[in-house]
Amino acid sequence: MTEPTQTIPEPAKPYYAHHIFFCLNERKNGEASCSQHNAQAGFDRCKQQVRAAGLAGVGQVRVNKAGCLDRCAAGPVAVVYPEGVWYSYVDEHDIDEIVESHLKNGKVVERLVTPAHLGR
Ligand code: FES
C-alpha cells in the first residue's frame, strides 16, 4: 500500500509584483527613529514616482506606510516584498533609483541595500 502524497500548492501569484513598506515611525523619547531622517519625504517621493511611472496598481507596485520595522539603526529603511530586500536611503535621488531600478526593472540597487548586521 502506498502512502498518499501530499502536495504543496504552487505559490499564488503575488497581488502586487513589488510591495514596498516605508517605516515612518516617530519616537518622542529621543531614541533614533526613521521619521527623524526624512522618512515621510522618502515615502511621498516614492508614491509620486511610482504613480508618475504608471507602476501603481494591482499586479504592479504598491507603496505603503509602516510602523517600526525594528531596523532603526539603519534608518530610514524601506523593505520590498516578496523579495525581502531592505534599503537604507538618504534622499530623493536614492528613492528615484529604487523606483527605476528595482520597482520598474526588477534590479536590486546594491549600493542602498541595508547592511545585514544592522538591526535595532
Ligand atoms: S524606527 Fe524605523 S525601523 Fe524602527
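Here is a short walk through the sheet and then the helices of this predicted model.

Q: What order do the strands of the open sheet have?
A: Start with the general idea: strands in a sheet pair through backbone hydrogen bonds, and they can run parallel or antiparallel. Here, 4 strands form an open sheet in the order β2-β1-β3-β4, and the pairing is mixed. At the edges sit β2 (61-66) and β4 (85-88), each pairing on one side only. On average, neighbouring strands in this sheet are turned by 20° against each other, ignoring direction.

Q: How many bridges join β3 to β4?
A: Strand β3 (residues 77-81) is joined to β4 by 4 bridges, and the two run antiparallel. To spot the pairing on screen, look for Val80, which stands opposite Val85 in β4.

Q: Now the helices. At what angle do α1 and α2 pack?
A: Packed helices are described by the angle between their axes and the distance between those axes. For α1 and α2, the angle is about 40° and the axes are 9 Å apart. That angle makes α1 oblique to α2. Their crossing is right-handed. Gly42 and Cys46 are among the α1 residues at the meeting place, and the α2 side includes Ile95 and Val99.

Q: Where does α2 bend, and which of its residues are buried?
A: Helix α2 (residues 92-104) bends by about 25° at Ile98. Ile98 is also buried, as are Ile95, Val99, His102 and Leu103. The cover over the buried α2 residues includes α1 (39-52) and β1 (18-23), along with β2, β3 and β4. After α2 comes Gly106, with a positive phi near 70°.

Terms used:
Residues numbered from 1 in each chain as written. Predicted model: local features only at pLDDT ≥ 70, side-chain atom pairs only at ≥ 80, totals over all residues. Pairing = 2+ DSSP bridges. Axes fitted to C-alpha atoms, helices over the stretch in contact; angles between N-to-C directions. Bend = angle between axes of the 7 residues up to and from the residue. Buried ≥ 20, exposed ≤ 12 C-beta atoms within 10 Å, placed from the backbone. Contact = placed C-beta atoms within 7 Å. Parallel < 35°, antiparallel > 145°, perpendicular 65-115°, else oblique. Left-handed = near helix turned anticlockwise from the far one by under 90°.
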